[in-house]
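Subject: A structure for you to explore

Hi,

Here is the structure I promised to pass on to you. Have a look at it first, and then read on for what was found in it.

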Amino acid sequence: MPVITSVKRPSSASGHRTPGDRRAGGRKLTSPRTTRKKGSLTGYAFVAPLMAIFTLFYLWPAVQSLISSFFTWGLLRPWNVFDRSTWHFAGISNYRRTLSDPDFWHAGANSLLWLILFPALVIGISLVAAVAIWHMRRWSVLFRTVFVLPMTISLAAAGVIWSFVYNPDAHVGALNAVLKALHLQGELNLGPLHLKTGQWLADAGTLNLGFEQIRLVNIFVIIAAAWAFAGYGVITFSAGLSSLPQELVDSARVDGCGTLQMVRHVIVPHLRQPMRIVFVVSVIFALRTFDIVYVMTSGGPGTDSTVLGLLPWQQAFAFLTSPRAGQAASVAVLMSAVLIVLGFPYLKSMLPRKESR
């Protein structure tokens with residue numbers, strides 16, 4: 001007779017599981033794929049409300065603005081994506097008129113001045129203030145309050161404050177009162193620089209660069225904006241300095257580093273990442289600035305201080321009887337494209353890098 005031998009199942013310790021072993025102790029074991037799928041669904045459930053708000057209040061208006069830039073319309077005859085009677089297709093005519101408009105390029109030159117001067121002022125003022133707060137422990141609270149307090153007010157309110165500072169009447173304007181007390185009123189001609197005191201927001205003079213003549217009224221508006229925005233840089237740099245190793249500072253002092261050498265060789269390299277953040281945020285703010293320019297000068301005198309952020313408002317609202325809102329939308333689309341181009345390298349640098357094997 002043949003001998004029947006029992007076949008022994010491989011145990012779970014051997015690393016092989018049979019379908020019958022998938023239930024242990026009455027519990028069903030789930031596969032890693034199922035676990036990952038449930039985790040993804042849970043994540044999507046948490047993100048869904050935010051994505052709905054983002055789509056409704058940001059993405060859809062942005063798409064509408066992009067589509068409306070290809071139509072001719074005005075505020076008295078608005079364009080509606082759901083009403084075909086308001087569709088007066090213009091194609092790329094709005095973009096062609098925008099790119100051939102001298103006001104657009106003049107506003108672009110003023111915005112370029114903002115892109116160069118505003119981040120430089122913000123980073124310079126913020127770095128000096130943050131180092132002073134870090135170095136002078138005794139007066140750190142006072143310094144921090146002085147530079148951070150302007151962040152608590154809106155830029156429109158900051159524009160009103162600085163409009164009083166620049167007021168041509170010496171009994172009202174603080175700047176003219178100081179210059180009058182020091183007997184420094186008058187004109188200054190220094191090569192390409194022609195400065196007039198008194199009318200800071202009307203006729204402050206010019207700076208001739210050869211290829212372009214810069215109206216100094218832009219510079220005085222930029223100074224006011226940098227004062228209101230410097231608190232952001234002070235907070236960012238102060239947070240970076242709080243993580244500066246004390247051993248590194250002590251070693252630099254033992255090696256004989258003075259204050260300037262400490263800033264150049266220790267503090268600035270340590271603040272490289274915070275400086276990049278402040279620079280990118282300042283550039284984005286400079287390109288889309290509107291409120292402080294509108295409050296202080298309304299783009300004037302003439303178009304001397306008009307920037308790209310103010311130009312769409314002028315085209316859309318100043319000419320109610322003329323259908324120029326489509327052209328204003330094209331300016332906004334071009335500005336958004338520039339912002340994306342400038343912001344993409346920063347966002348890419350913030351992503352975690354994959355280590356090469």
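Ser-298 counts as partly exposed, because its relative accessibility is 41%. You will find Ser-298 in the loop between α11 and α12. The backbone of Ser-298 deserves a look too: phi is positive there, at about 55°, although the residue is not a glycine. Please keep in mind throughout that this is a predicted model.

A cis peptide bond links Gly-300 to Pro-301, with omega at about -5°.

Thr-306 belongs to the loop between α11 and α12 as well. Is Thr-306 buried or exposed? With a relative accessible area of 2%, Thr-306 is buried. Which residues is Thr-306 in contact with, if we leave aside its neighbours within four places in sequence? They are His-106, Ala-107, Asn-110, Gly-299, Leu-311 and Gln-314.

Two other loops are worth a visit. His-183 is in the loop that runs between α6 (174–181) and β3 (187–190). His-183 is not a glycine, yet it has a positive phi of about 55°. The relative accessible area of His-183 is 70%, so this residue is exposed.

Cys-257 lies in the loop between α8 (246–254) and α9 (259–270). Cys-257 has a relative accessible area of 25% and is therefore partly exposed. Beyond its neighbours within four places in sequence, Cys-257 is in contact with Ala-252 and Met-262.

Now step back to the whole chain. It has 13 helices and six strands. Of its 357 residues, 32% are buried. If you take the contacts with a separation of 6 or more, 60% of them are between residues 24 or more positions apart.

The crossing of α3 past α7 is right-handed. Sorted by class, the residues in the contact of α3 with α7 are 25 nonpolar and five polar, with no charged ones.

The next partner is α4, residues 140–148. In this case the axes come within 9 Å and the crossing angle is roughly 160°. An angle over 145 degrees counts as roughly antiparallel, which is why α3 and α4 are described that way. The crossing of α3 past α4 is left-handed. On the α3 side, the contact is made by Ile-125, Ala-129, Ala-132 and Ile-133. On the α4 side, Ser-140, Phe-143, Arg-144 and Phe-147 take part. By class, the contact of α3 with α4 has six nonpolar residues, one polar and one charged.

The crossing of α3 and α10 is right-handed. From α3, the residues that meet α10 are Ser-111, Trp-114, Leu-115, Phe-118, Pro-119, Val-122 and Ile-123. They meet Met-275, Val-278, Phe-279, Ser-282, Val-283, Phe-285, Ala-286 and Leu-287 in α10. This contact of α3 with α10 has 13 nonpolar residues, two polar and no charged ones.

Finally, a closer look at α10 itself, which has 17 residues (272–288). How far apart should its ends be at 1.5 Å a residue? The helix should span 24 Å, and its end C-alpha atoms are 25 Å apart, so the two values agree. The buried residues in α10 are Pro-274, Ile-277, Val-278, Val-280, Ser-282, Val-283, Phe-285, Ala-286 and Leu-287. Val-278 is one of the α10 residues that meet α3, and it is buried.

Enjoy exploring it!

Best wishes

How values were computed
Residues numbered from 1 in each chain as written. Predicted model: local features only at pLDDT ≥ 70, side-chain atom pairs only at ≥ 80, totals over all residues. Heavy atoms only, no water. Left-handed = near helix turned anticlockwise from the far one by under 90°. Helix = DSSP H or I, 4+ residues; strand = E, 2+ residues; numbered from the N terminus. Nonpolar A, V, L, I, M, F, W, Y, C, P; charged D, E, K, R; others polar. Expected span 1.5 Å × (residues − 1). Buried < 20%, exposed > 50% of the residue type's maximum accessible area, 1.4 Å probe, protein only. Contact = heavy atoms within 4.5 Å. Axes fitted to C-alpha atoms, helices over the stretch in contact; angles between N-to-C directions. Parallel < 35°, antiparallel > 145°, perpendicular 65-115°, else oblique.
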